[in-house]
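This report walks through selected features of the structure shown below, beginning with the overall fold and ending with individual residues.

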Amino acid sequence: MDLTQLTELVAFYGIAVVAVFAALMVISQRSAIFSAIYLVLCFFCVAALYVLLHAHFLAVIQVLVYAGAIMVLFVMIIMLLNLRDEDLPPSRVTLVKTAGTAGALLVLVSMMVILQHVSNIDVNQLQDVGSFGTTQAIGRLLFTKYLLAFEVASILLLAAVVGALVMAGRIDSGGEDQ
Amino acid sequence: MIGPAEYTILAAILFTIGVIGVLVRRNVLVVFMSIELMLNSANLVFVAASRMMDDMTGHVFVFMVMVVAACEVAVGLAIVLTIFRNKQTLNVDEFRIMKW
């Protein structure tokens with residue numbers, strides 16, 4: 001095993017451990033703001049995994065969109081609503097244990113299925129075209145082959161902006177004209 | 001060295017953690033964050049498969065999933081804000097307005 005492969009191995013398992021730890025912290029913190037911080041850490045780990053997978057444009061977009069826009073929105077809303085920490089009543093503890101056990105079983109079953117069906121391609125034989133994962137390549141695809149999806153996505157964004165504005169502009173007394 | 005199986009197993013673990021978060025937590029914002037976790041695990045599978053098949057269609061899929069996730073978060077948080085104005089709680093057990 002040469003240095004590149006060793007680096008990739010160490011990098012993948014290191015990032016994977018941090019990502020799983022961050023995800024576990026997201027669902028187990030009592031305060032929502034800590035969950036948000038750990039989720040940002042998880043998003044950065046996923047972006048690092050994208051870099052390992054030669055998806056450079058997507059790694060940057062992941063940081064910009066998910067960690068930079070979506071999580072900023074979450075943190076803003078958490079701080080705006082400013083609630084106290086959540087308590088876990090006794091009736092929920094059994095639900096947590098059941099869900100945890102079911103989740104572990106799900107992971108185990110899916111692991112067996114994945115190892116059985118996903119053929120382990122010899123990664124060393126993969127020819128890496130120089131333009132794989134670059135902005136130019138994905139731009140070319142988006143504007144030629146997937147142009148319709150691109151336009152529909154922009155209409156979806158417009159609908160979301162209008163929807164959010166309509167909902168946010170409404171006050172308890174029944175709305176006001178801007 | 002690291003094949004698609006390792007990435008897919010990691011995505012399965014993250015997805016399961018997201019599912020547990022949605023089922024167990026009562027704070028609606030943490031439920032939304034667990035949904036984002038699930039979306040990211042699916043994105044990871046797409047990118048891994050795209051690398052292994054040497055086809056960038058997977059990247060376009062991930063792009064669209066990110067667009068949808070951003071829209072969903074914007075509208076979902078606007079809805080949460082509106083409900084919070086009336087009910088002053090973020091407990092999903094209290095969100096029973098549509099119940100007959």
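Helices are DSSP runs of H or I with at least four residues, strands are DSSP runs of E with at least two, and both are numbered from the N terminus. The model described here is predicted, and every value given for it is computed from that model.

**Chain A as a whole**

On that definition, chain A has six helices and zero strands, and its pattern, when read along the sequence, is α-α-α-α-α-α. Chain A contains 178 residues, of which 33% are buried.

Is A:M1 buried or exposed? With a relative accessibility of 64%, A:M1 counts as exposed, because the cut-off for that class is over 50% relative accessible area.

**Two helices of chain B**

In chain B, helix 1 (residues 4-24) and helix 2 (residues 28-53) have axes that come within 8 Å and cross at roughly 165°. Angles over 145 degrees count as roughly antiparallel, and therefore helix 1 and helix 2 of chain B are described as roughly antiparallel to each other. The crossing in which helix 1 of chain B passes helix 2 of chain B is left-handed.

Helix 2 of chain B also holds B:R51, which counts as buried because its relative accessibility is 9%, and the class of buried residues is set at under 20% relative accessible area.

Most residues other than glycine have a negative phi. Which value does phi take at A:H54? A:H54, which is not a glycine, has a positive phi of about 60°, and this residue is found in the loop between helix 2 (32-52) and helix 3 (56-81) of chain A. With a relative accessible area of 22%, A:H54 is partly exposed.

In chain B, a positive phi is found at B:D54, where the value is near 55° and the residue is again other than glycine. B:D54 lies in the loop between helix 2 and helix 3 of chain B, and with a relative accessible area of 36% it is partly exposed.

**Residues in later helices and their separations**

Helix 6 (residues 147-168) of chain A is the place of A:L156, and A:V161 lies in helix 6 of chain A as well. A:L156 counts as partly exposed at 35% relative accessibility, and A:V161 counts as partly exposed at 48% relative accessibility. In chain B, B:A70 is placed in helix 3 (residues 57-87), and this residue counts as partly exposed at 24% relative accessibility.

How many residues lie along the chain from B:A70 to B:I17, and what separates their C-alpha atoms?

| Pair | Separation in sequence | C-alpha to C-alpha distance |
|---|---|---|
| A:L156 and A:F12 | 144 residues | 35 Å |
| A:V161 and A:Y50 | 111 residues | 28 Å |
| B:A70 and B:I17 | 53 residues | 21 Å |
| B:R51 and B:V68 | 17 residues | 22 Å |

Terms used: Residues numbered from 1 in each chain as written. Chains lettered and ligands numbered in written order. Predicted model: local features only at pLDDT ≥ 70, side-chain atom pairs only at ≥ 80, totals over all residues. Heavy atoms only, no water. Buried < 20%, exposed > 50% of the residue type's maximum accessible area, 1.4 Å probe, protein only. Axes fitted to C-alpha atoms, helices over the stretch in contact; angles between N-to-C directions. Parallel < 35°, antiparallel > 145°, perpendicular 65-115°, else oblique. Left-handed = near helix turned anticlockwise from the far one by under 90°.
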